[in-house]
Amino acid sequence: MTATIATPSDLASPRAGFVTRFAAGIADAVILFVFLRGAVWLSSASANVLRRFAPPVDLATLVILGAPLIVALYHVVFWRLSGQTPGKWLLGIRVTPIGGGKLPLRRAVLRLVGYLFSALPFYLGFLWILGPERRGFHDRLARTEVVYAR
Amino acid sequence: MVAAVAVRHRRSRFQEMDETGGVATVATGPRWLRFGLGLIVLTGDTLGSVLAVSGVPGASTGVPASSAARARPSPRHAAWGMLVDLLDRGQRAPALFRACLSRAARSAHRFAPSMARARRLARRLPGATRSAAHWHAWHTRRRIQLARWVAVGQREEVASRAVAREALLAMREAAFARVADSPDLKRVIREQSEGIAVTAVAELRSRSARADGLAERAVRRLLGRGDAEGTR
């Protein structure tokens, strides 16, 4: 008995490879960095303008502390709504559950958690994408795949 | 003697033309005229060759026809030569005028003593002093008037230049505004921008997709597995 592996060319919409997904990740990182940096700058500027009317908490610190939550929301919301973060849209790829359809919220959150586990052992979970199935650890955990959306 | 020199000069020029047959050594007439004539000749040649190719009877071919025309003198050449000669004389007119003036001055020198004597006699005439004073006053008034005109002219030049500049700026702004407000232009710019963006994104996507395959092949080669079937 031999186990058949679905290679990218066998699929209706071929799975995206490592380079494309890495480029999409970089695009997302840039977008998030610009957004967070702008938010920190706006918080500091508004605190300076308001002076004694400003809230007692440091808004910039609040933004920095809330950055992980913002990043998580960014990914989960975009995956849930359209399967594409802006970076993935730019590179023309989409996250879909195995079998098609929209990605449920639970699996989107699971995929995000899978990101952490993929990154922990020296990003080996991400390097798994270079394999013939083009799926990383987080994809296997959430039973998702990333396909070319063209 | 001047005529002799001119004749010799002209002859040598024609001799040059006969010997070389070229245009570069014949330095007569302004450049714009030569350019215009050349343009007319070239247009004629081109039209002739086009008509010859299209089979119109009596139409001549391009370059050989021009060579033949150069060999056979025609009234057209005479007219061109006359025009060039006239322009050449026009260019030499200031020098000729100066020569005329110096000749007149030389002949006037001969009459200078008689003129001085006549002036002295005129001063002794009754009412000459008053006339001279009137003349000086009139001369001074004219000079002042001239100075005033010059000042007014200078002011006018500055003002008109400023007005022209303002008007040109306003016209340019209006033209730009009109062009910028044009819906067709807006549509073209939008379409081009969208086209450029779409092309750039498509290029990025195709390149990244190619890079996917390359990276996977490199990893497989590194791990010694070779190319797998079905993968890109």
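These legends accompany close-up views of a predicted model.

**View 1. The overall fold of chain A.** In this predicted model, the secondary structure of chain A comes to seven helices and two strands, and along the sequence these elements follow the pattern α-α-α-α-β-α-α-α-β. Of the 150 residues of chain A, 30% count as buried, and among contacts between residues at least 6 apart in sequence, 65% join residues at least 24 apart.

**View 2. The largest nonpolar core.** This core has 17 residues, and those with the most contacts inside it are A:Ala16, A:Trp79, A:Ile93, A:Val146, A:Val147 and A:Tyr148. Helix 1 (18-50), helix 3 (67-81), strand 1 (93-97) and strand 2 (144-148) of chain A each supply at least two of its residues, with the largest share, four residues, coming from helix 1.

**View 3. The surroundings of A:Val146.** Once its neighbours within four places in sequence are left aside, A:Val146 is in contact with several residues, including A:Ala16, A:Ile93 and A:Val95, and also A:Arg15, A:Arg21, A:Arg94 and A:Asp139.

View 4. Helix 3 of chain A has 15 residues and reaches 21 Å from its first C-alpha to its last, close to the 21 Å expected at 1.5 Å a residue. Within this helix A:His75, A:Phe78 and A:Trp79 are buried, and they lie on the same side of helix 3 because they cover an arc of only 105 degrees around the axis. An α-helix has 3.6 residues a turn, so residues three or four places apart point the same way. On the other side of helix 3, A:Leu69, A:Leu73 and A:Leu81 are exposed, whereas the buried residues of helix 3 pack against strand 1 and helix 5 (105-119) of chain A.

Conventions: Residues are numbered from 1 along each chain as its sequence is written. Chains are lettered from A and ligands numbered from 1 in the order in which they are written. This is a predicted model: local features need pLDDT of at least 70, side-chain atom pairs count only at pLDDT 80 or more; totals for chains, interfaces and linings use all residues. A nonpolar core is a set of buried Ala, Val, Leu, Ile, Met, Phe, Trp, Tyr and Cys residues joined through C-beta atoms within 7 Å. A residue is buried if 20 or more other C-beta atoms lie within 10 Å of its own, exposed if 12 or fewer, and partly exposed in between; C-beta atoms are placed from the backbone. Two residues are in contact if their C-beta atoms, placed from the backbone, lie within 7 Å. The expected span of a helix is 1.5 Å times one less than its number of residues. The arc is that of the directions from the helix axis to the C-beta atoms.
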